[in-house]
Amino acid sequence: AVIGNDLFFVSEVGNLSDSTLKKIDLTLTNPPVTTVIDGFEIIEDVAVAGNVIYMSDVDNTKVYSVDVSASTPVLTLVSDASNSINCSSGITGKFTM
């Protein structure tokens with residue numbers, strides 16, 4: 001997902017049971033990869049609404065959000081198997097759980 005000058009992507013580490021949200025600055029020639037937040041199992045779907053990225057963690061049947069404009073982004077649980085999704089209007093994309 002592209003937000004402003006940054007490309008955000010999910011990177012899976014090791015045995016694919018540890019996912020991390022990372023970003024690169026598209027304005028740089030050789031941009032460093034920066035970790036935004038980690039601690040997911042396996043992220044399957046990603047959707048964007050403004051500066052908020054929504055991600056589904058399929059192994060844990062949860063949906064999280066991260067406001068990437070925050071100086072210190074915080075992982076917020078939006079939904080799990082026991083409750084419905086509560087997110088901002090304007091979200092695009094599809095969650096599969």
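Predicted model: local features only at pLDDT ≥ 70, side-chain atom pairs only at ≥ 80, totals over all residues.

Leaving out residues up to four places away in sequence, Ile-53 is in contact with Ile-3, Phe-8, Leu-21, Val-46, Ala-47, Val-48, Tyr-64, Ser-65, Val-66 and Val-68. Which residues make up the largest nonpolar core? There are twelve: Ile-3, Phe-8, Leu-21, Val-36, Ile-37, Phe-40, Ile-43, Ile-53, Met-55, Tyr-64, Val-66 and Val-68. Three strands each supply at least two residues of this core, namely E4 at 34–40, E6 at 52–57 and E7 at 62–67. E4 gives the most, with three residues. Another core, of five residues, lies apart from this one, and its members include Ala-49, Val-52, Val-63 and Val-78.

Now the strand pairing. E6 and E7 run antiparallel and are joined by six bridges. Within that pair, Ile-53 has Val-66 in E7 as its bridge partner. The two strands form a hairpin, with four residues between them. In the turn, Thr-61 has a positive phi of about 45°. E7 also pairs with strand E8, residues 75–79, again antiparallel, over four bridges. There, Tyr-64 stands opposite Leu-77 in E8. Recall that Tyr-64 is also one of the residues of the largest core and one of the contacts of Ile-53.

Next, charges. Side chains of opposite charge can pair when their charged atoms come close. How many salt bridges does the model have? The count is one. The partners are Lys-23 and Asp-6, with the closest N and O atoms 3.8 Å apart. Lys-23 sits in strand E3 and Asp-6 in strand E2, residues 6–13, so this pair ties together parts that are 17 residues apart in sequence. Are the two partners buried or partly exposed? Asp-6 has a relative accessible area of 18%, so it counts as buried, the cut-off being under 20%. Lys-23 comes out at 24% and is therefore partly exposed.

Last item, a loop. Strand E3 covers 18–25, and Leu-28 lies in the loop between E3 and E4. Leu-28 counts as partly exposed because its relative accessibility is 42%.

How values were computed
Residues numbered from 1 in each chain as written. Heavy atoms only, no water. Core = buried A, V, L, I, M, F, W, Y, C linked by side-chain atoms within 4.5 Å. Buried < 20%, exposed > 50% of the residue type's maximum accessible area, 1.4 Å probe, protein only. Contact = heavy atoms within 4.5 Å. Pairing = 2+ DSSP bridges. Salt bridge = Lys/Arg side-chain N within 4 Å of Asp/Glu carboxyl O.
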